[in-house]
Amino acid sequence: MKFDLGGRCKNKEFTTVNMEEDCDIKHDILDVDGFISNDNVVSEFRMIHTLEHIPTSLYVKFLKTLRRKLRSGGKISVVLTDAEAAINMWKDDVLSFRAMKKILFPPAQLTGANQLMAHHNMWNTLDLARDFQALGFEVYSFDAGYWNFDLTDEFFPEEMKQFQGLKIKNIGVMALLRG
(Lines give C-alpha, C1' and ligand atoms only; values in the text may rest on other atoms or scores of the structure.)
Protein backbone atom coordinates (compact mmCIF):
# COMPACT_ATOMS: atom_id res chain seq x y z
CA MET A 1 0.00 0.00 0.00
CA LYS A 2 1.25 3.45 -0.94
CA PHE A 3 -0.48 6.65 0.18
CA ASP A 4 -0.08 10.24 -1.00
CA LEU A 5 -1.24 12.21 2.05
CA GLY A 6 -2.63 15.58 1.04
CA GLY A 7 -2.30 14.56 -2.60
CA ARG A 8 -4.53 15.99 -5.24
CA CYS A 9 -6.16 14.05 -8.06
CA LYS A 10 -6.21 10.30 -8.42
CA ASN A 11 -3.15 8.50 -9.73
CA LYS A 12 -2.16 4.90 -10.37
CA GLU A 13 0.92 4.68 -8.17
CA PHE A 14 -0.43 6.10 -4.88
CA THR A 15 -3.79 6.21 -3.14
CA THR A 16 -4.45 9.91 -2.58
CA VAL A 17 -5.99 11.00 0.72
CA ASN A 18 -7.32 14.53 1.15
CA MET A 19 -10.40 16.45 2.20
CA GLU A 20 -10.92 17.58 -1.40
CA GLU A 21 -13.29 15.92 -3.83
CA ASP A 22 -10.80 14.78 -6.49
CA CYS A 23 -8.89 12.12 -4.55
CA ASP A 24 -9.13 8.39 -3.90
CA ILE A 25 -10.08 8.68 -0.22
CA LYS A 26 -11.80 11.80 1.09
CA HIS A 27 -10.62 11.79 4.70
CA ASP A 28 -8.71 13.89 7.21
CA ILE A 29 -5.07 12.76 6.95
CA LEU A 30 -4.64 13.37 10.69
CA ASP A 31 -6.97 10.43 11.30
CA VAL A 32 -4.71 7.77 9.76
CA ASP A 33 -6.41 4.97 11.71
CA GLY A 34 -9.68 6.01 10.06
CA PHE A 35 -8.49 4.97 6.58
CA ILE A 36 -5.79 2.38 7.43
CA SER A 37 -7.08 0.00 10.07
CA ASN A 38 -4.04 -2.30 10.38
CA ASP A 39 -0.51 -1.52 11.52
CA ASN A 40 2.68 -2.56 9.68
CA VAL A 41 1.02 -2.66 6.24
CA VAL A 42 2.07 0.50 4.36
CA SER A 43 5.09 0.48 2.05
CA GLU A 44 5.20 4.24 1.52
CA PHE A 45 3.70 7.52 2.61
CA ARG A 46 4.34 10.50 0.37
CA MET A 47 3.70 14.10 1.41
CA ILE A 48 4.36 16.84 -1.11
CA HIS A 49 3.89 20.28 0.45
CA THR A 50 1.73 18.67 3.13
CA LEU A 51 3.72 18.19 6.35
CA GLU A 52 3.90 21.93 7.03
CA HIS A 53 0.08 21.92 7.32
CA ILE A 54 0.06 19.52 10.28
CA PRO A 55 -0.69 21.46 13.50
CA THR A 56 2.37 21.58 15.75
CA SER A 57 0.37 20.16 18.65
CA LEU A 58 -0.31 17.00 16.58
CA TYR A 59 3.00 16.72 14.71
CA VAL A 60 4.84 14.15 16.87
CA LYS A 61 1.73 11.99 17.27
CA PHE A 62 1.14 12.14 13.51
CA LEU A 63 4.70 11.00 12.69
CA LYS A 64 4.50 8.22 15.29
CA THR A 65 1.22 7.03 13.75
CA LEU A 66 2.78 6.95 10.28
CA ARG A 67 5.70 4.96 11.70
CA ARG A 68 3.27 2.48 13.29
CA LYS A 69 1.48 1.97 9.96
CA LEU A 70 4.70 1.35 8.00
CA ARG A 71 5.93 -2.17 7.40
CA SER A 72 9.62 -2.97 7.82
CA GLY A 73 11.49 -1.38 4.92
CA GLY A 74 8.70 1.15 4.42
CA LYS A 75 9.43 4.80 3.81
CA ILE A 76 8.09 8.30 4.21
CA SER A 77 8.99 10.76 1.45
CA VAL A 78 8.57 14.46 2.16
CA VAL A 79 8.90 17.46 -0.15
CA LEU A 80 8.36 20.95 1.19
CA THR A 81 9.70 24.48 0.98
CA ASP A 82 13.18 24.96 2.40
CA ALA A 83 12.50 27.57 5.09
CA GLU A 84 16.19 28.24 5.64
CA ALA A 85 16.70 28.95 1.93
CA ALA A 86 13.70 31.32 1.90
CA ILE A 87 15.03 33.18 4.94
CA ASN A 88 18.46 33.40 3.33
CA MET A 89 16.88 34.84 0.17
CA TRP A 90 15.48 37.62 2.37
CA LYS A 91 18.81 38.09 4.17
CA ASP A 92 20.57 38.31 0.77
CA ASP A 93 18.05 40.94 -0.44
CA VAL A 94 16.61 38.61 -3.10
CA LEU A 95 13.19 38.75 -1.42
CA SER A 96 11.49 41.43 0.65
CA PHE A 97 10.58 40.43 4.20
CA ARG A 98 6.92 40.45 3.17
CA ALA A 99 7.54 38.08 0.23
CA MET A 100 9.58 35.74 2.43
CA LYS A 101 6.79 35.78 5.00
CA LYS A 102 4.24 34.79 2.32
CA ILE A 103 6.36 31.75 1.47
CA LEU A 104 6.44 30.58 5.08
CA PHE A 105 2.86 31.61 5.94
CA PRO A 106 0.56 31.60 2.89
CA PRO A 107 -1.66 34.61 2.20
CA ALA A 108 -5.29 34.87 3.27
CA GLN A 109 -6.69 34.12 -0.18
CA LEU A 110 -5.19 30.63 0.17
CA THR A 111 -5.98 30.03 3.83
CA GLY A 112 -9.19 32.01 4.39
CA ALA A 113 -11.51 29.57 2.63
CA ASN A 114 -9.64 26.51 3.86
CA GLN A 115 -7.81 26.72 7.19
CA LEU A 116 -6.10 23.40 6.39
CA MET A 117 -3.99 25.41 3.92
CA ALA A 118 -2.29 27.31 6.75
CA HIS A 119 1.33 26.43 7.55
CA HIS A 120 2.09 25.43 11.12
CA ASN A 121 5.74 24.50 10.90
CA MET A 122 8.86 24.92 8.77
CA TRP A 123 12.17 23.10 8.38
CA ASN A 124 15.50 22.93 6.67
CA THR A 125 16.80 19.52 5.56
CA LEU A 126 18.83 18.82 8.70
CA ASP A 127 16.05 19.82 11.08
CA LEU A 128 13.47 17.55 9.41
CA ALA A 129 15.97 14.69 9.15
CA ARG A 130 16.66 14.94 12.89
CA ASP A 131 12.92 14.64 13.65
CA PHE A 132 12.74 11.37 11.73
CA GLN A 133 16.01 10.09 13.23
CA ALA A 134 14.60 10.71 16.71
CA LEU A 135 11.83 8.27 15.81
CA GLY A 136 14.29 5.59 14.69
CA PHE A 137 14.31 6.17 10.94
CA GLU A 138 17.30 5.99 8.64
CA VAL A 139 17.19 9.29 6.76
CA TYR A 140 18.33 10.42 3.33
CA SER A 141 17.95 13.72 1.54
CA PHE A 142 17.23 14.15 -2.16
CA ASP A 143 16.97 17.00 -4.65
CA ALA A 144 13.33 18.07 -4.59
CA GLY A 145 13.72 20.92 -7.06
CA TYR A 146 12.02 24.28 -6.85
CA TRP A 147 8.63 25.92 -7.15
CA ASN A 148 8.02 29.27 -8.80
CA PHE A 149 6.91 32.12 -6.54
CA ASP A 150 3.25 32.78 -7.38
CA LEU A 151 1.95 34.43 -4.22
CA THR A 152 0.26 37.75 -3.70
CA ASP A 153 -0.39 40.10 -0.80
CA GLU A 154 -3.68 41.47 0.50
CA PHE A 155 -2.27 44.94 1.18
CA PHE A 156 0.55 45.32 -1.34
CA PRO A 157 -0.14 43.14 -4.39
CA GLU A 158 2.16 45.29 -6.54
CA GLU A 159 5.13 44.47 -4.32
CA MET A 160 4.75 40.75 -5.01
CA LYS A 161 4.81 41.16 -8.80
CA GLN A 162 8.59 41.63 -8.86
CA PHE A 163 9.06 38.18 -7.30
CA GLN A 164 6.68 36.26 -9.56
CA GLY A 165 8.43 33.27 -11.13
CA LEU A 166 11.42 33.40 -8.77
CA LYS A 167 12.62 29.87 -7.97
CA ILE A 168 11.97 28.85 -4.34
CA LYS A 169 13.97 25.84 -3.15
CA ASN A 170 12.34 22.69 -1.81
CA ILE A 171 13.84 20.12 0.50
CA GLY A 172 13.44 16.41 -0.01
CA VAL A 173 13.74 13.95 2.86
CA MET A 174 13.18 10.20 2.77
CA ALA A 175 12.81 8.36 6.07
CA LEU A 176 13.35 4.60 5.85
CA LEU A 177 12.10 2.24 8.55
CA ARG A 178 14.57 -0.61 8.96
CA GLY A 179 13.38 -3.82 10.61
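Analyst: Start with Lys 102. This residue belongs to helix α3, which spans residues 97-104. The model is a predicted one. Is Lys 102 buried or exposed? Lys 102 has a relative accessible area of 8%. The limit for buried is under 20%, so Lys 102 counts as buried. What does its side chain meet there? The side chain of Asp 153 makes a polar contact of 3.3 Å with the side chain of Lys 102. Now list the residues touching Lys 102, leaving aside neighbours within four places in sequence. They are Pro 107, Leu 151, Thr 152, Asp 153, Glu 154 and Met 160.

Next, go to Asn 124. Asn 124 sits in the loop between α4 (108-111) and α5. Its side chain reaches towards the backbone at two places. One is the backbone nitrogen of Leu 126, at 3.3 Å. The other is the backbone nitrogen of Asp 127, which lies 2.7 Å from a polar atom of the Asn 124 side chain. Residues up to four places away in sequence aside, Asn 124 touches Asp 82, Glu 84 and Ile 171.

The loop between α4 and α5 also holds Trp 123. Here the aromatic rings come in. The structure has 8 aromatic pairs. A pair of rings is described by the distance of the centres and the angle of the planes. Tyr 59 and Trp 123 form a tilted pair, with 5.4 Å centre to centre and 40° between the planes. This pair links distant parts of the chain, since Tyr 59 is in helix α1 and the two residues are 64 residues apart. Both Tyr 59 and Trp 123 are buried. Another pair joins Phe 132 and Phe 137: the centres are 5.5 Å apart and the planes stand at 85°, so this pair is edge-to-face. Phe 132 is buried, at 0% relative accessibility. Phe 137 is buried too, with a relative accessible area of 5%.

Tyr 59 leads on to helix α1, residues 59-69. Which residues of α1 are buried? They are Tyr 59, Phe 62, Leu 63, Thr 65, Leu 66 and Lys 69. Why do these lie on the same side of α1? They cover an arc of only 160° around the axis, so they share one side. Their cover includes the strands β1 (2-5), β4 (42-48) and β5 (70-81), along with helix α5 (125-134).

Phe 3, Phe 35 and Phe 45 are linked into a cluster by ring pairs. Phe 14 has charges over its ring. The charged end of Lys 2 sits 4.9 Å from the ring centre of Phe 14. Arg 46 lies over the face of Phe 14, at 3.9 Å from the ring centre.

Finish with the cysteines. How many disulfides does the structure hold? It holds 0. A disulfide is a covalent bond between the sulfur atoms of two cysteines. The sulfur of Cys 9 has its closest cysteine sulfur in Cys 23, 9.3 Å away, which is too far for a bond. Cys 23 is likewise in no disulfide. Cys 9 counts as partly exposed, at 40% relative accessibility. Cys 23 counts as buried, at 5% relative accessibility.

Definitions and conventions:
Residues are numbered from 1 along each chain as its sequence is written. This is a predicted model: local features need pLDDT of at least 70, side-chain atom pairs count only at pLDDT 80 or more; totals for chains, interfaces and linings use all residues. Side-chain values use heavy atoms; hydrogens and water are left out. Buried means under 20% relative accessible area, exposed over 50%, partly exposed in between (1.4 Å probe, protein chains only). Helices (H or I, at least four residues) and strands (E, at least two) are DSSP runs, numbered from the N terminus. The arc is that of the directions from the helix axis to the C-beta atoms. Contact means heavy atoms within 4.5 Å. A polar contact is a pair of N or O atoms within 3.5 Å; within protein, one must be able to donate a hydrogen and the other to accept it, and residues adjacent in sequence count only if both atoms are side-chain atoms. Rings of Phe, Tyr and Trp (its six-membered ring) pair if their centres lie within 6.5 Å; planes under 30 degrees apart count as stacked, over 60 as edge-to-face and the rest as tilted. A charge sits over a ring if NZ of Lys or CZ of Arg is within 6 Å of the ring centre and within 35 degrees of the ring normal. A disulfide is a pair of cysteine sulfur atoms within 2.5 Å.
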